[in-house]
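Hi,

Here's the structure I promised to pass on. Have a look at it first, and then read my notes below.

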Amino acid sequence: MYDFTLTRPTTIADAVSALQGEDAQPIAGGQTLLPTMKARLAQAETFVSLTGISEMRGISAADGVLTLGGGATHATVAREAAASYPALASLAGRIGDPAVRTRGTVGGSIANNDPSACYPAGALGSGATITATGPNGSREIAADDYFQGMFATALEEGEIITKVAFPIPEKAAYEKMLQPASRFPLVAVFVAKYADGVRVAITGASTDGVFRWSEAEAALSGDFSPAAIEGLTPPSNDMISDLHGTPEYRAHLCKVLTARAVRSAQ
Amino acid sequence: MENVTLTVNGKERSAPAEGRTLLVEFLREGLRLTGTHVGCDTSQCGACLVHVDGEPVKACSVLVQDIAGAEVTTIEGMANADGSLGTIQAAFREHHGLQCGFCTPGMVMAAASLLKENPKPTEAEVRHYLEGNICRCTGYHNIVKAVMAASGQDVAPPAVAAE
Amino acid sequence: MPKDHGIGASSKRREDARFLTGKGRYTDDINVAGQAHVAFLRSDVAHGRINGIDTSAAEGMPGVLRVFTAKDFEGVGGLPCGWQITSIDGNPMQEPKHPILADGKVRHVGDPIAAVVAETAAQARDAAEAIVPDIETLPAVIDMKAALAEGAPKVHDDLTSNLCYDWGFVQENKEAVDKAVAEAAHVTTLELVNNRLVANPMEPRVAVGDYALHSDESTLYTTSQNPHVIRLLMGAFVLGIPEHKLRVVAPDVGGGFGTKIFHYAEEAFCTFAAKELQRPVKWTSTRSEAFMSDAHGRDHVTKIELALDADNNFTAIRCQTYANMGAYLSTFAPSVPTWLHGTLLAGNYKTPLIYTNVKAVFTNTVPVDAYRGAGRPEATFQLERVIDMAARELGVDPVALRRQNFITEFPYATPVAVEYDTGDYEGTMTKLLAMIDRDGFAERRRQSEANGKLRGLGINCYIEACGIAPSQLVGQLGARAGLYESATVRVNATGGLVVMTGSHSHGQGHETSFAQVVADMIGIDEGQVEIVHGDTANTPMGMGTYGSRSLAVGGSAMVRATEKIIAKAKKIASHLMEASADDIELKDGKFTVAGTDKELAWGDVTLAAYVPHNYPLDEIEPGLEETAFYDPNNFTYPAGAYACEVEVDPETGKVDILAMAAADDFGNVVNPMIVEGQVHGGLAQGIGQALLENCAYDADGQLLSASYMDYAMPRAHDMPMFQVDHSSQTPCTHNPLGVKGCGEAGAIGSPPSVVNAVIDALQSGGHDVRHIDMPLTPARVWSAMNAAK
């Protein structure tokens, strides 16, 4: 790891201001970023830790919306959102392993937008609203506009994710097939049924990162059953090809896991 | 370099640390507590698992400056006050839950977190919880038995000789 | 009643108290005052010519003491290879130079180009990155058959080709085998890949070199399974340091599995640099670095043919194997695909004619050497897979086909040069079948099918030659070392014993089981016996721990030394009790005179040995310390039968192991608890090979599985609870303990049963899949199912 200066602001305002400094980058739980830094693939003069900001850690459910502070850890979400949004809590409770969940945060995961991360599927599948706070104040970004491809997001330099609001669906489920080495999803599907339709978000599969499978959404909005997608061709978004699966296999898994998520949705 | 102070195994301990100093480096090199091991660099093997403010954490994936002031428990703090093995440690010994011993500190610390959260886990729950701890020696069989035994549940006794 | 102490008891491990409390002392826990740290700059291309290395920027970086490149090692030897194989044409294998730092060319990703020694590890790494190598990328050879093609780029320019050796075994059998295969009633042919693996002990390698100016002595602390071997190889062949000026210490070692047998460049570098700089020099491998610098395992491409007569008797086996050596010859690499592989092709069966041809190939990949089982898993896998395939083709029960062809009489001389001393293959198979409820399988399969899953049962046998030893034999086979083992037993005046062994424990629990043996022989408490290992300064020359040899060879040396102790102690006792030495008995730590009530405690005699006031000084010397070197006259042959039951999810191709059973014959067992633990670990590594682990390169020689992000290590929930049995015991006839060795069995025996089970499951679902190469990942299983639709 290259050396750097670590600063630990305790308020969002101080964090935003610290990020205005020369070559300053935020670090949240660090569960993805620190291994990347150890491999010397990420560096900055200053890292601004977001872990000391208590106003970013809150979790609340009201008016059909679950709101997570950007600094809410996976372990906390798994525990505290279980009653209000069980499918999302289940997603959080299956990220990495227990020690990773102690430190990893929703904001960090969504800001990084790893093409195989879990939270982007939960956020896109729920049609979440992401609050980004920067030097010009806060703005709200719809998940549909936020995720812009592998590791690419609508976040501007100097902005951090302070809040993510998840509309709570009638039913939802998250089904994932693990990549056996990294334990990230090989493919995972988040299905959420809302009064106005069904959303299907898929992670791990595409070189473009998380995406919505619109054909499945249309079919499921009419008939929320596994049978509804039986006749569909699996999505053809540029599938990832690697040691762990061919594009054909990943496309196939998209369909299998979508059906399973529909079956297990509650 | 700045001086970082932690409460480690109940005692206040200080040592200098750079911005990039990881908790595990601080423990091993700064405080010479070498029971916490490093088995990988991608945050997967769990040999470095310790407790920070009571929660399981991979000490290779935490900057020590980021947790200044925290309470940290390591394998060196898991024995009973009289120096005898704690319940989990004793169960690992009784059920041969370790061989080379390198993953063992992390396993014991992970098991302690599990039993705190779930005092009577099923076999499947134990296996699932240990997802972030890799052992290359035991095939996990006796680790799982040891954790089940440490939770006070009946497990088959260790192998005995033919009569 | 089960025994509660001594041989046969599941004594709790004395090692555990320190490991469980964080008091283990592994190499990385050792910090020598004043130590500097080294970081290696490693090649990021698989093959390239080094046109220059600009170290000037690095030399000016903070904390840097010195930057080393190949030119600093002029006159220093390269890493030696410890085994020579002779090709069919009578020529010795091609043996390339293996410099400590790449000289002229880089030959694999990870090949060390330069090394920076600096005050701190971080400074060394920072500076290593500032070195600018000028490397002209050359075309790489990765695929073995392509590497042997006419005009292929050569890994070593000074060799005639990429062929290390072309070995035929038994060459005299070739014609008869060809004829038998041509005339067979049925021939089953299988082409397969035995996947490349990385051993991955959880402790990465570490080396700390130290140099004492006052005595001109070098010390190396290293993560090794055999410190004496490292001392010999590094001292005599690399650095030219005589043994009496070189000490090698392997303290607590966090697993080895073969990959810590070998002598590595980093060990020689740290020892050399410590003397050059007159500073201790430490290197700690990262896991990512381990993937490109630890010797890999397996990596064979094989075609096997099994010939049967009209009554389904095996008549001949013919094999052709390409074995990957990687870019250089690691310490024992040439022996793995040959003598540790070809000699096991008879398996548990009385096949009269066997021939194998092995072509060892240099490629631009990390060197390949022994990994748990080493050659024997490859032999077992191909044999047990082809037998299963033959049973399926012939429509016969795979267990019955095996039983029909079992060797039943011992000793048995195989057509591949080894003689099995004892065994009972029917016995272990019978045990296995009793463990797995084969009769209930059909019902279990129906239940799985009702849940939309395919269920399969796979069974196989294995045999291994271990207790790797007889020096004269292995010398004839090309070993450049002896393979005896040693022990010194020192009895202290007050009766406690210190046993100094040439074996090394890195998880096997020798400190416990070795003590059980000695304590049992004397009849004293195990706590009175201390086992010392791992330091060349206080152990006799020994060859170390690998090949399931520690108890069979090292334990036997210890028994011989203890026998000498007991003989001498009886002489002392006979003097003290004024009786004939022949009448003295030693039992439960007491000397008695037959037919009398005279007795002396063990401690009275040991005290007399060191306070020889009343002592037969005209006949024997004072003191009680004996050394024995033990060199057996044969390998040992553990064997067994394994079974695996799986469920396959036909939608995803995911395989779940529902049950894994192992019935082994290890001969006599000293500590059943430890033996079972060894089997468990081996099973997990075998299941890992079968389902998860794969070390893969792309066509350019980039390592695709370069960290735990892509190399799938078995986790707890990938494994079932295992059923193991070792009650079928045919003791080894040629070592004093009657033991055979248990360390590798699980890894050798389990991969074929897993694959056999998956094939069985897929066939039951109507998928005509004959074979899938390991690892049977969900993607591979799904693809095979769909290809066979």
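Keep in mind that this is a predicted model.

Next, have a look at where chains B and C meet. On the chain C side, 53 residues are in contact, and they touch 50 residues of chain B. Three helices of chain C, namely α1 (16-20), α8 (287-293) and α17 (672-692), each bring at least two residues to this side. The biggest giver is α17(C), with 9 residues. Sorted by class, the side of chain C that touches chain B has 23 nonpolar, 18 polar and 12 charged residues.

While you're looking at α17 of chain C, find C:Gln689, which is part of that helix. Is C:Gln689 buried or exposed? It counts as buried, because C:Gln689 has 30 C-beta neighbours inside 10 Å, and 20 or more are enough for that label.

So who are its partners? Leaving out residues up to four places away in sequence, C:Gln689 touches C:Asn195, C:Leu197, C:Pro751, C:Met774 and C:Pro775. Take C:Leu197 as one of these: along the chain, C:Leu197 and C:Gln689 are 492 residues apart, yet their C-alpha atoms are separated by 7.3 Å.

Cheers

Methods:
Residues numbered from 1 in each chain as written. Chains lettered and ligands numbered in written order. Predicted model: local features only at pLDDT ≥ 70, side-chain atom pairs only at ≥ 80, totals over all residues. Contact = placed C-beta atoms within 7 Å. Helix = DSSP H or I, 4+ residues; strand = E, 2+ residues; numbered from the N terminus. Nonpolar A, V, L, I, M, F, W, Y, C, P; charged D, E, K, R; others polar. Buried ≥ 20, exposed ≤ 12 C-beta atoms within 10 Å, placed from the backbone.
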